[in-house]
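Subject: Structure handover

Hello,

Here is the structure for you to look over. My notes follow below it.

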Amino acid sequence: MNQGRILLADDEPVFLNSTADLLRREGYDCDTVADGVAAMARVEANPYDLLITDLEMPGNSDLGLVRQIAASRGGLPVLVITGVPSVRSAMACVELPVAAYLLKPVVFADLLPRVQTAVNRFRSWQAMQQAEKRLSDMRTDYEHLATPGTPSANGVDVFLSLTLRNVMGSLTDLQQL
């Protein structure tokens, strides 16, 4: 079973490939890229549950990649990994949507629980977003149905159809949560 879809961005091939392989063994679908530009292109083209990125790599100067991700994919969690930690970068990560700031070499036993937590929280957040949208759509549908003068062949049939569709959608949302 797919535990989640992760994008790994790091310019160190050994770390990149070995971490991706370990995560795949845990059931995650992992894509890898070697720089921030390629990472941003992948995030814009594909749905991911998590981004794991190196702090010091091409295309991520001054956390540029993380800032772009925050602007375009607001809820996507990011784990920042660095071999060159600094107070400045750690403070910047606190102000950005960074789920964890980890130091290289990363012990996989320390990384895995953070990955699991970030993916689970993101999936829950997505399910809540979908449920809120469904509620908004339901309200619009029912308000439209209740508007005097709205043409409808059989108001009861339309009401029951909307209700059944919304109940099924809500059950799907609950299952995802």
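Strand β3 (residues 50–54) and strand β4 (residues 78–82) pair in parallel over 4 bridges. Pairing needs at least two DSSP bridges between strands. Thr53 stands opposite Val80 in β4.

The model is predicted: local features need pLDDT of at least 70, side-chain atom pairs count only at pLDDT 80 or more, and totals for chains, interfaces and linings use all residues. Numbering starts from 1 along each chain as its sequence is written, and side-chain values use heavy atoms, without hydrogens and water. Helices (H or I, at least four residues) and strands (E, at least two) are DSSP runs, numbered from the N terminus.

The sheet:
The open sheet has 5 strands, in the order β2-β1-β3-β4-β5, with parallel pairing. β2 (28–33) and β5 (98–103) are at the edges; each has a single partner strand, so one side of each lacks a neighbour in the sheet. Neighbouring strands are turned by 20° against each other on average, direction ignored.

The helices on it:
Helix α1 (residues 13–25) packs on the sheet and touches β1 (4–9), β2, β3 and β4. Contact means heavy atoms within 4.5 Å. The direction of α1 makes about 170° with that of β2. Helix α2 (residues 36–45) lies across β1 and β2, at about 140° to β2. Axes are lines fitted to C-alpha atoms, for helices over the stretch in contact; angles run from 0 to 180 degrees between N-to-C directions.

One residue:
Leu171 is in helix α6 (residues 155–176). Leu171 counts as partly exposed because its relative accessibility is 48%. Buried is under 20% relative accessible area, exposed over 50%, partly exposed in between (1.4 Å probe, protein chains only).

Best wishes
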